[in-house]
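Please look through the model shown here before reading on.

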Amino acid sequence: MKNKWIYIEPTVFIWQDSTHYLFYNAINSKKVFIPHNNTINPIVQSLCIEKNSYCTKLDDDISNNKEFEEFIDILSSNRLGNIITCYDSKRPVNIPPKLILDKPVENIKTNGEYFDPKILDDINELIIQLSGNCNINCKNCSEFKLQLIHCSQSEHTMSNEKIEQLIKQVKHLNLKKLNIIGGDLLSMKKFESIIDLLSSVCVKKIFNVHYHQLKLDKIQYLLNKDETSLVRICVHFDGIEQNQLLRQIEKVGKYNARVLWSFIVSSENELEFCYSILNKCKSIQHEIKPFYNKNNEEFIREFVFVNQEDIDAINLNKREIFANQVLNRNYFGKITILANGKIFDNINFKVAGNIDDCLEDVIHKIITEGRSWRWIRSNDICDNCLYKLICPPPSNLELVMKSKVICQTPKSYKSA
Ligand code: SF4
């Protein structure tokens with residue numbers, strides 16, 4: 001006897017709210033909205049029951065139902081699923097996308113004995129502040145570091161012994177990137193010996209320097225010392241003359257391949273200024289970083305928050321969707337160590353430890369306490385949004401703006 005089954009492709013995620021289903025195919029990023037109706041509701045619910053594995057038997061009399069025909073048309077034309085006919089009654093084998101963690105956090109929490117010998121492998125990026133010493137007094141000094149990798153003023157400086165001790169530990173980590181920040185990094189006492197020490201760590205190093213504190217001889221020293229080093233120069237546009245900036249860019253020109261100009265913008269005017277510089281200096285490496293200064297919410301919402309077009313263009317694979325379910329792709333694996341020895345997973349969260357603590361214990365605490373590494377998009381607004389798992393992970397920008405969302409609402413669901 002013939003049995004008809006409807007199945008959904010294993011690469012397709014199904015999410016639902018009170019009016020629509022969103023079928024998202026992680027192979028081609030196709031997003032298809034289908035409004036609820038009485039014919040398809042029981043079918044989709046049955047497909048989503050775990051033991052049914054995205055495959056459910058169809059009643060004989062459903063084939064001539066118009067709503068059902070339309071549903072199958074949408075599924076097949078978008079390669080989301082289809083109907084299969086079998087001659088026995090066994091459910092065809094299918095594997096819906098399901099996240100299976102090999103190290104569930106719950107195990108770490110409930111079993112005090114649990115210890116992961118590879119826990120330090122989770123650290124992939126380190127931000128170390130060597131000194132907070134600086135005499136510029138920028139207006140928003142204490143705010144920049146809350147949103148960006150940026151220098152900040154403080155009365156602390158890490159001793160050379162501490163730096164040495166830290167570097168010994170850092171050498172054994174599985175780092176992809178090491179960010180060095182100040183204060184005024186290039187004016188540090190014993191600058192050359194610190195650079196010599198850091199060059200023994202074989203990882204991409206980014207030295208973050210403020211535009212007003214450029215010292216060409218020091219930049220030359222650190223770039224020559226270690227071919228994995230880069231310099232990121234942070235430029236704030238307030239009080240800067242275009243010609244003066246162009247002259248500086250020209251001076252650094254011979255290091256262009258290893259210098260990243262980081263333009264920090266807070267308004268449309270600054271953005272225009274930035275574009276006019278970039279028009280004149282086409283060969284420089286650059287990034288444009290928005291900064292919320294507490295008076296520019298409109299600018300941030302318009303130029304940074306995602307709109308419908310941005311969401312439509314989001315293109316995540318299965319692994320990235322799974323990641324969004326359990327961790328924050330912006331912050332997972334990042335650690336900041338300040339010049340006073342305090343360790344943070346994210347500078348906007350409470351302190352996680354101290355440089356003298358056992359690093360394994362600090363990371364264990366970060367993972368089990370569900371801090372920024374596991375900060376996922378979950379709140380009363382996003383929990384009711386079908387884009388929740390494809391939307392960018394929550395960020396420090398939303399935190400400092402006290403916004404629960406990164407989108408320009410309202411959003412629309414265009415049905416297939
Ligand atoms: S920020 Fe939240 S509400 Fe906005 S699109 Fe993303 S998930 Fe939806």
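The questions and answers below take up several terms used for this predicted model.

Q: Why is helix 5 called roughly parallel to helix 6?
A: Helix 5 (residues 160-170) and helix 6 (residues 191-198) pack at an angle of about 15 degrees. Angles under 35 degrees count as roughly parallel, and therefore helix 5 is roughly parallel to helix 6.

Q: What else describes the packing of helix 5 and helix 6?
A: Two packed helices are described by the angle between their axes and also by the distance between those axes. For helix 5 and helix 6, the axes are 10 Å apart. The crossing of helix 5 past helix 6 is right-handed.

Q: Which residues make the contact between helix 5 and helix 6?
A: Helix 5 contributes Ile163, Glu164 and Ile167, while helix 6 contributes Ile194, Leu197 and Leu198. By class, the residues of this contact divide into 5 nonpolar, no polar and 1 charged. Ile and Leu count as nonpolar and Glu as charged, so Glu164 of helix 5 is the charged residue of the contact.

Q: What makes strand 12 and strand 15 edge strands?
A: The open sheet has 9 strands in the order 12-11-10-9-8-7-13-14-15, and its pairing is mixed. Strand 12 (285-290) and strand 15 (353-354) each pair on one side only.

Q: How do you know that strand 8 and strand 9 pair, and in which sense?
A: Two strands pair if there are at least two bridges between them. Strand 8 (residues 177-181) and strand 9 (residues 204-210) have 4 bridges, so they pair, and the sense is parallel. Isoleucine 180 stands opposite phenylalanine 207 in strand 9.

Q: Where does helix 9 pack, and what angle does its direction make with that of strand 11?
A: Helix 9 (residues 268-280) packs on the sheet and touches strand 11 (259-265) and strand 12. The angle between the directions of helix 9 and strand 11 is about 155 degrees.

Q: Which residues come nearest the ligand?
A: Of the 11 residues around the ligand, the nearest are Cys382, Cys385, Cys391, Val405 and Cys407. The shell divides into 8 nonpolar, no polar and 3 charged residues.

Q: Where is there a cis peptide bond?
A: Such a bond joins glycine 182 and glycine 183, with omega about 25 degrees. Glycine 183 belongs to the loop between strand 8 and helix 6.

Technical notes
Residues numbered from 1 in each chain as written. Predicted model: local features only at pLDDT ≥ 70, side-chain atom pairs only at ≥ 80, totals over all residues. Axes fitted to C-alpha atoms, helices over the stretch in contact; angles between N-to-C directions. Helix = DSSP H or I, 4+ residues; strand = E, 2+ residues; numbered from the N terminus. Parallel < 35°, antiparallel > 145°, perpendicular 65-115°, else oblique. Left-handed = near helix turned anticlockwise from the far one by under 90°. Contact = placed C-beta atoms within 7 Å. Near = placed C-beta within 6 Å.
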